[in-house]
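My notes follow the model.

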Amino acid sequence: MSEVERLAEMERLRRQKETESRLVEEETSKRIEEIVAKRVEEELEKRKDDIEKEVLRRVEEAKKIMEKQMLEEMERRQKLELEAQRAKEEEERKKREQLEKILEENKRKIEEAQKKIDEERLAIIEDQRKIDEERRRLMKEKEKKLKEEQQIILNKGKVRPKLSFSLKPIG
């Protein structure tokens, strides 16, 4: 085998190894992307359920507290009404005003609690939106990188230097 044939064979083997190496690298990159995408999706699903459960738990907890407060308030009202019947009209009027203030305060507390729950829901939705945006941005970057790698491989835009070979006559 002549020196030229041996060099040509070595070059062919080197190119074959490079091609195989690129294919292995591309497959590895593809698998990593799939695993990352799957994990991101699983984490989003996992968090979504947890968030919904937490919101429902807080709503139920607030509902129980409000029901308890309302029951206690109703019991207190009955006592106040019995006392008011025995007392003078002036005393009745004062007690009614006091009850109205308490009801307004409870109403205000209920509205504040509902507002807080609504704000927490909005924050949760905003967090989910940010996570989705970040996932889309990462996917876009990966696609762009893959496209650039493919263009380099295909030598679009004449990125790689041209290889030239010449044979000198032996003489």
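1. A cut-off to start: buried means under 20% relative accessible area, exposed means over 50%, and partly exposed lies in between. The model is predicted.

2. Is Glu-73 buried or exposed? At a relative accessible area of 7%, Glu-73 falls under the 20% limit and is therefore buried. Glu-73 sits in helix α1. Beyond its sequence neighbours up to four places away, Glu-73 touches Leu-99, Ile-102 and Asn-106.

3. Glu-73 also has a salt-bridge partner, Arg-76, at 3.4 Å from N to O. Both residues belong to helix α1, three residues apart, about one turn of the helix. Arg-76 is partly exposed, with a relative accessible area of 29%.

4. Salt bridges number 22 in the structure. One of them joins Glu-3 to Arg-6, with the closest N and O atoms 2.8 Å apart. These two are three residues apart in helix α1, so about one helical turn separates Glu-3 and Arg-6. Glu-3 is partly exposed at 47%. Arg-6 is partly exposed at 37%.

5. Helix α2 (residues 89-154) holds Glu-112 and Arg-108, four residues apart, about one turn of the helix. Their salt bridge puts the closest N and O atoms 2.3 Å apart. Glu-112 is partly exposed at 43%, and Arg-108 is partly exposed at 36%.

6. Which residues are linked in a network of salt bridges? The members are Glu-54, Arg-57, Arg-58, Glu-61 and Glu-120.

7. A surface patch of negative charge gathers Glu-41, Glu-42, Glu-45, Asp-49, Asp-50 and Glu-52. Glu-45 is placed in helix α1 (residues 3-86). Its relative accessibility is 40%, so Glu-45 counts as partly exposed.

Note on methods. Residues are numbered from 1 along each chain as its sequence is written. This is a predicted model: local features need pLDDT of at least 70, side-chain atom pairs count only at pLDDT 80 or more; totals for chains, interfaces and linings use all residues. Side-chain values use heavy atoms; hydrogens and water are left out. Patches are made of residues with over 30% relative accessible area and no salt bridge: like charges are joined within 9 Å, nonpolar side chains (Val, Leu, Ile, Met, Phe, Trp, Tyr) within 5 Å. Accessible areas come from the Shrake-Rupley method with a 1.4 Å probe; for residues, only the protein chains shown count as cover. A salt bridge is a side-chain nitrogen of Lys or Arg within 4 Å of a carboxyl oxygen of Asp or Glu. Lys and Arg count as positive and Asp and Glu as negative; His and the chain ends are not counted. The place of a charge is taken as NZ of Lys, CZ of Arg, CG of Asp or CD of Glu. Buried means under 20% relative accessible area, exposed over 50%, partly exposed in between (1.4 Å probe, protein chains only). Contact means heavy atoms within 4.5 Å.
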